[in-house]
Structure formats: structure tokens, C-alpha cells
Amino acid sequence: MKSPPESSVLRSWNLNAHRWNTLIDEEKLESRRLVTNQSIVEVLQSLPTKRMLDVGCGEGWLVRRMNEAGREYRGVDGSEMLIKLAQDKGQGNYQCLSYENIIQSSAIEGTPFEGIVLNFALFTKEGAAELLCSLRNHLIPKGKLIIQSLHPEVMPQGWEPDVWQGLPDDFVEPYAWYQRSMQEWKELFEDCHLTIENLHEPVHPHTQNPLSVIFVLTCK
């Protein structure tokens, strides 16, 4: 199976933007509420980076959280509806850019950055290396890339056909996303000339099972 066209992915997010916004505002996603949101915040706060870009920022919760903590964060997302929601909430600068736009060298406001974060935003198989290599061009020398994704132990390697499966709302037009094994992650980073500086594996507070993996990467 090949990665779905980005146009279909963005259509799905535009159609479901308000449903997703409600889930985030009301903290209905247990994994995010209990573990992954705070985990990515703690990792980012532990870094010396101040000027950061959140790629796939959605409705902007992470940009707002980090700006409130005294950092200078901007966000980009390919969904016009999500960017509008983020802008309406304020507390940040947001730009509507698709991954294809970034790969094709569209200008990102505020470039270069000390770091770039993708928080559950790398859903594709084909094109992932092109995106990460393109993002390197928007980093200062020795800048950092931080990626949070589902832990490989959560589900087996391969395609998950419905990104909305299990969410507590009537989401429409699902799309497939790709789950990498740990070895695939390492191979992807090697292809992009990125070094794993640190790796975090946040666990569920009750089961102690890993929920996500957070890679802190440095450009070689």
C-alpha cells in the first residue's frame, strides 16, 4: 500500500477539524491527557532551544503551551480549517503550508529555527524522508528535530487503515497512516543524516506499557 495523497488527508482534516478541536479542548483522549501531551512538553522544556517550529501543529495547543512557558514557537499545518482555529485562539503565529509545499521549498515564516517538532504528525511512508530533509533547510547549524509518534509496541509495523478508529465522535472520511518499527525509524534518520541524540519512551501510568516514542535528533 502506498501513502494516501496528501490532498485526501487534508480533506479529512478539514472535514473533521471542529470534531478534533473539541476532543483536544475537552481532553477526551486518555493517552494525551495522561501521558503524551505532558511528555512532549517536558522534553521540549528540557532543551536549550527557544525559537521552534511546530510542523503539523493542528489547532495549535502545543504552540500555545510553549509560548505561555516563555518560548517562541510558530506553527504550520496543511489544513486551512485547523490553522483558522489556531489563529482564532491566538497566542502564536500560524501559517498554512502542506508537506508538499515544504518539500517544494515554500518559504516558512521565521526561518531558520533552533528546533522543529513533529508531534504525531509524521503519518506517511513515502515522502517522509523528503519532508525531513527539507525541514533541515529551516534549521540553524546543529539544530534539532523532535518527533513524537506511537511506540512500535502499541501496534505492529504497517498500515493502520483508519486514523479515526476508536475516537469518541463521529469522524468522517478516514485515511490510512503508517506505523514504523524501531528499525525503520533508525533507517529513516540515517537516510536523512540525522543522529539520535536522545530517545524517550513515555509509559501509561497504570499499565506501565509504552505509549509513544520521542526522538530528539541532531543534524549531522
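Guide: With a definition. Two strands pair if DSSP finds at least two bridges between them. This model is predicted. Here, Leu53 has Ile116 in S4 as its bridge partner.

Visitor: Which way do S1 and S4 run, and how many bridges join them?

Guide: Strand S1 (residues 51-55) and S4 run parallel, joined by 3 bridges.

Visitor: How many bridges join S4 to S5?

Guide: 6 bridges join S4 to strand S5 (residues 139-150), and these strands run parallel. One place to look is Asn119, which stands opposite Gln148 in S5.

Visitor: What unit do S4, H6 and S5 make?

Guide: To judge the hand, point the strands away from you and follow the path from the first strand over the helix to the second; clockwise is right-handed. S4, helix H6 (residues 128-136) and S5 make a right-handed β-α-β unit.

Visitor: How should I think about side chains on a strand?

Guide: In a regular strand, side chains alternate between the two faces of the sheet. Now take the cover on this strand. In S4, 6 of the 7 residues are buried.

Visitor: Is Phe113 buried or exposed?

Guide: Buried means under 20% relative accessible area. Phe113 has 1% relative accessibility, so Phe113 counts as buried. Phe113 lies in S4, which spans residues 113-119.

Visitor: Which residues does Phe113 touch, leaving out those up to four places away in sequence?

Guide: Phe113 touches Arg51, Met52, Leu53, Arg74, Ile108, His138, Leu139 and Ile140. Phe113 and Lys50 are 63 residues apart in sequence, yet their C-alpha atoms are 8.6 Å apart.

Visitor: How do I read a helix?

Guide: An α-helix has 3.6 residues a turn, so residues three or four places apart point the same way. Then list what is covered. In helix H3 (residues 61-68), the buried residues are Trp61, Leu62, Val63, Arg64 and Met66. Check the end as well: just after H3, Gly70 takes a positive phi of about 95°.

Visitor: What does the secondary structure of the whole chain come to?

Guide: The protein chain has 7 helices and 9 strands. Its radius of gyration is 16 Å, close to the 17 Å that the globule rule gives for 220 residues, so the chain is as compact as a globular protein of that length.

Visitor: What share of contacts in the chain join residues at least 24 apart?

Guide: Among contacts between residues at least 6 apart in sequence, the share is 66%. For burial, 50% of the 220 residues are buried.

Key: Residues numbered from 1 in each chain as written. Predicted model: local features only at pLDDT ≥ 70, side-chain atom pairs only at ≥ 80, totals over all residues. Heavy atoms only, no water. Helix = DSSP H or I, 4+ residues; strand = E, 2+ residues; numbered from the N terminus. Buried < 20%, exposed > 50% of the residue type's maximum accessible area, 1.4 Å probe, protein only. Contact = heavy atoms within 4.5 Å. Rg over C-alpha atoms; globule rule 2.2 N^0.38 Å.
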